[in-house]
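The following account leads the reader through the structure shown below, from its overall architecture to its surface and pockets.

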Amino acid sequence: MGTATGRSLPELCRERYPRPVVWGLWLQAEAVIVMTDLAELIGGAIALNLLFGLPLLPGALLVTMASFLLLAVRSARTRHFGAALTVMLVAVAGAFLVLVLQAQFMAGSSVGMSRSLCSSRTRNAWPGRWLKAFTMAW
């Protein structure tokens, strides 16, 4: 829409709808933002609890402090924000690499499994299996 009109969705809504509708749309957008932030806060606290056994309240406070720290670094308008994001990305990638290296991987069994799954006998059954696996959750 922005490419065709040169305006954003809020601008077009403000132009075309009456003021009470625009206020309702604004309140709805703010509620969605608050709920998204709340989900990130709770998700971060649960992740810290599962990973490190940290209780939920201190975990939520830690996630909040980290968020405010990132906002402070971002508002400084320096290259520190990009550096902070790069450090976090490298830390996550490093942790993933450590976990992969610590896993007890048996190469022979995975090769055998992939051969049996990709054999001519079972190749045509894959779409049905995937569909069955995804629809069972519903």
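A residue is called buried when its relative accessible area is under 20%, exposed when it is over 50%, and partly exposed in between, with a 1.4 Å probe and protein chains only. The model is predicted, so local features need pLDDT of at least 70 and side-chain atom pairs count only at pLDDT 80 or more, while totals for chains, interfaces and linings use all residues. Residues are numbered from 1 along each chain as its sequence is written, and side-chain values use heavy atoms, with hydrogens and water left out.

The chain has eight helices and zero strands, where helices (H or I, at least four residues) and strands (E, at least two) are DSSP runs numbered from the N terminus. Its pattern along the sequence is accordingly written α-α-α-α-α-α-α-α. Of the 138 residues in the chain, 7% are buried.

Helix α3 spans residues 19-52 and helix α4 residues 56-75. N49 lies in α3 and is partly exposed, at 30% relative accessibility. N49 and G59 are separated by ten residues in sequence, and their C-alpha atoms are 6.9 Å apart in space.

A nonpolar patch on the surface consists of V34, M35, L38, I42, I46, L50 and L56, which together have about 660 Å² of accessible area. Patches are built from residues with over 30% relative accessible area and no salt bridge, joining like charges within 9 Å and nonpolar side chains (Val, Leu, Ile, Met, Phe, Trp, Tyr) within 5 Å; the areas come from the Shrake-Rupley method with a 1.4 Å probe, and for residues only the protein chains shown count as cover. Helix α3 provides the largest share of this patch, six residues. L56 belongs to α4 and is partly exposed, because its relative accessible area is 46%.

The structure holds one salt bridge, a term that requires a side-chain nitrogen of Lys or Arg within 4 Å of a carboxyl oxygen of Asp or Glu. The pair is E15 and R7, with the closest N and O atoms 2.2 Å apart. E15 is partly exposed, with a relative accessible area of 46%, and R7 is partly exposed as well, at 35%.

Pockets are found on a 1 Å grid over the protein atoms alone: a pocket is an open set of points, where a 1.4 Å probe fits, with protein on both sides within 12 Å along at least five of seven lines, and lining residues have an atom within 4 Å of a point. The largest pocket has a volume of about 440 Å³. It is lined by 16 residues, of which E40, L41, V63, T64 and S67 are the closest to its centre. Both α3 and α4 supply at least two residues of this lining, and α3 gives the most, with eight. By class, the lining has eleven nonpolar, three polar and two charged residues; Ala, Val, Leu, Ile, Met, Phe, Trp, Tyr, Cys and Pro count as nonpolar, Asp, Glu, Lys and Arg as charged, and the others, Gly among them, as polar.

The second largest pocket has a volume of about 220 Å³. Its lining consists of L51, M88, A91, V92, A95, F96 and L99, which divide into seven nonpolar, no polar and no charged residues. Helix α5 (residues 80-102) contributes the largest share, six residues.

How values were computed
Grid points are joined across faces, edges and corners, and a volume is the space filled by probe spheres set on the points.
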